[in-house]
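Biologist: Could you take a close look at a single part of this structure? Please walk me through its contacts with the rest of the chain.

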Amino acid sequence: MIGREDQKANDLFFTCSLIDYIARKTKNKRVDVVDALGKDLVFKIYDLADVYHCDNIDRVSEDFIEEAGIAEGTFDNVGNARYAIPSHWDIGKVYKRLILGISREKGMDVVDALFAAYHSFVSDLIDDYNSSFYYEVPQNILNAFLYNEVE
């Protein structure tokens with residue numbers, strides 16, 4: 001391990017942050033971006049994150065938007081926010097922690113856990129910037145996923 005966290009955890013952080021960046025840029029739900037990218041491109045991003053993070057995220061996002069054919073949507077949680085808006089890096093961290101927890105608790109591969117996270121009701125809660133759910137304690141977010149309810 002170099003730095004404060006495992007390299008693959010950092011790669012997952014970048015992957016989730018890029019997903020959020022693409023979703024904001026194209027006004028799509030995060031799950032729609034994940035589905036458009038598909039497992040192969042998500043794995044590619046995750047696998048090569050240490051390379052991609054050295055480049056401009058706007059340019060990297062454009063490449064994946066084009067490659068996946070992601071069209072402009074109508075979901076604008078940033079524009080609809082009434083309060084301070086978390087950055088794509090902030091949300092990437094929330095998803096990274098959730099996905100690592102799912103992977104650990106369910107014994108799933110990280111990419112499979114990523115798809116499970118973004119396809120859960122928890123994703124809609126995280127992406128509602130008018131609520132406080134996205135800055136809940138990471139264990140509470142994981143528990144909501146695991147037990148299919150919010151405490």
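Modeller: Start with a term. A residue is buried under 20% relative accessible area and exposed over 50%, and partly exposed in between. K44 has a relative accessibility of 31%, so it counts as partly exposed. Keep in mind that this is a predicted model.

The buried residues of helix 6 pack against helix 2 (30–47). They also pack against helix 1 (7–26), helix 5 (88–106), helix 7 (121–126) and helix 8 (138–147). The buried ones are V110, V111, A113, L114, F115, A117 and Y118.

Look at the start of helix 6. There, a side-chain oxygen of D109 comes to within 3.0 Å of the backbone nitrogen of V111.

Now take the charges. Side chains of opposite charge can pair when their charged atoms come close. D112 and K39 do this in a salt bridge, at 2.5 Å from N to O. D112 sits in helix 6 and K39 in helix 2, so the bridge ties together parts 73 residues apart in sequence. D112 is partly exposed, with a relative accessible area of 31%. K39 is at 42% relative accessibility, so it is partly exposed as well.

Next, the rings. The structure holds 6 aromatic pairs. One of them joins Y95 and Y118. This pair is stacked, with 4.2 Å centre to centre and 15° between the planes. Y95 lies in helix 5 and Y118 in helix 6, so the pair ties together parts 23 residues apart in sequence. Both tyrosines, Y95 and Y118, are buried.

Back to helix 2, the neighbour. K44 meets E67 in a salt bridge, at 4.0 Å from N to O. E67 lies in helix 4 (residues 57–68) and K44 in helix 2, so this pair links parts 23 residues apart in sequence. E67 is partly exposed, at 48% relative accessibility.

R30 makes a salt bridge with D127, at 3.8 Å from N to O. D127 is in the loop between helix 7 and helix 8, while R30 is in helix 2, 97 residues apart. Both D127 and R30 are buried. The two also belong to a network of salt bridges with D20 and R24.

Notes: Residues are numbered from 1 along each chain as its sequence is written. This is a predicted model: local features need pLDDT of at least 70, side-chain atom pairs count only at pLDDT 80 or more; totals for chains, interfaces and linings use all residues. Side-chain values use heavy atoms; hydrogens and water are left out. Buried means under 20% relative accessible area, exposed over 50%, partly exposed in between (1.4 Å probe, protein chains only). Helices (H or I, at least four residues) and strands (E, at least two) are DSSP runs, numbered from the N terminus. Contact means heavy atoms within 4.5 Å. A polar contact is a pair of N or O atoms within 3.5 Å; within protein, one must be able to donate a hydrogen and the other to accept it, and residues adjacent in sequence count only if both atoms are side-chain atoms. Rings of Phe, Tyr and Trp (its six-membered ring) pair if their centres lie within 6.5 Å; planes under 30 degrees apart count as stacked, over 60 as edge-to-face and the rest as tilted. A salt bridge is a side-chain nitrogen of Lys or Arg within 4 Å of a carboxyl oxygen of Asp or Glu.
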